Amino acid sequence: MKAHINGVDLAYTDQGQGTPIVFVHGFPFSRVMWDPQVKVLSGQFRVITLDLRGHGESDAPLWLYTMDQFADDIKGLLDHLSIQKAVLAGFSMGGYVVFAFYRKYADRVKGLVLADTRPQPDSAEGRVGRFKMAQTAQKDGAGAIADVMLPKLLSPASVKGRSELVQTVRTMMTTTKVPGIAGDLMAMAERPDSVPTLKQIACPTLVIVGELDGLTTPVDARHMADGIRGARLETIPAAAHLSNMEQPEAFNRAVTSFVETIK
Ligand code: MLT
């Protein structure tokens, strides 16, 4: 389905009934990454996934990618769906978006799931890396980005042995349009520090991390959970960054038992 929000068409899926959970994907992915969650969790909850602007089946304008803009788009989608309050679940860049959403619209949040993400902004070196990656995307296309990213997203065992999963992840990246990729990279490079946001979070929060995640590490996740009052931390065994796709059963179990407590 599509909704016209803030001047762009946004694609989304809305399945199931009960407590609404909005899943926000990472870079440079789409709502396809949440298929293992939609399939199972929609039996118990109202599961909403969307393609952020620049991704999947949503429009990819050449203009205006910021964490605040992504947050405004999600708020527009909640309004469109007449949802007053939802659990917001963000993976990696989606977590950066969720922090922005919480700063602007805390009254629309029932609970937070922060999966394989971190509150710190980019370092100066990290920002240079974003710039270079955007030039690569412009010059060589999304396939070149997929080549760089893939080994960091899944555990070596999955990269070697799970060809169907690898193909799904690769296709998600190679079909992302270059304006979306460059827009994300600029938005991530410019994103504010969310560390001060941690102590403002006053809703139930679940932090999830893959035990082999080298991009947003278990140590980062522990610090983040320690910084949020009452937050719960779940470590997913045998998973790297894309923990929800690599070990969906464990990820779904963690989300289910968390959301059940805040119904
Ligand atoms: C993501 O998975 O969304 C990205 O790796 C996040 C990042 O590059 O900071």
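So, the ligand: one of its oxygen atoms sits 2.9 Å from a polar backbone atom of Met-93. A ligand oxygen is also 2.6 Å from an N or O atom in the side chain of Tyr-96, and a ligand oxygen is 2.8 Å from an N or O atom in the side chain of Arg-130. Taken alone, the ligand exposes 270 Å², and the protein buries 92% of that; those areas come from the Shrake-Rupley method with a 1.4 Å probe. The residues around the ligand, meaning those with a heavy atom within 4 Å of it, include Gly-26, Phe-27, Arg-118 and His-241.

Quick housekeeping. This is a predicted model, where local features need pLDDT of at least 70 and side-chain atom pairs count only at pLDDT 80 or more, while totals for chains, interfaces and linings use all residues. Residues are numbered from 1 along each chain as its sequence is written, and side-chain values use heavy atoms, leaving out hydrogens and water.

Okay, salt bridges. By that I mean a side-chain nitrogen of Lys or Arg within 4 Å of a carboxyl oxygen of Asp or Glu. How many does a search of the whole structure find? It finds 12. In one of them, Lys-104 meets Asp-72, N to O, at 2.9 Å. Lys-104 is in helix α3 and Asp-72 in helix α2, so this pair ties together parts 32 residues apart in sequence. Helices here are DSSP runs of H or I with at least four residues, strands are runs of E with at least two, and both are numbered from the N terminus.

Asp-79 and Arg-108 form a salt bridge too, with their closest N and O atoms 2.9 Å apart. Asp-79 is in helix α2, and Arg-108 is in the loop between α3 and β6, 29 residues apart. Are the two partners buried or exposed? Asp-79 is partly exposed, at 36% relative accessible area, but Arg-108 counts as buried, at 8%. The cut-offs: buried is under 20% relative accessible area, exposed is over 50%, and partly exposed is in between, with a 1.4 Å probe and protein chains only. There's also a network of salt bridges linking Arg-31, Asp-51 and Glu-57.

Last stop, strand β1, residues 2-5. β1 pairs with β2 in the antiparallel sense over 4 bridges; pairing takes at least two DSSP bridges between the strands. Ala-3 stands opposite Leu-10 in β2.

Terms used: A polar contact is a pair of N or O atoms within 3.5 Å; within protein, one must be able to donate a hydrogen and the other to accept it, and residues adjacent in sequence count only if both atoms are side-chain atoms.
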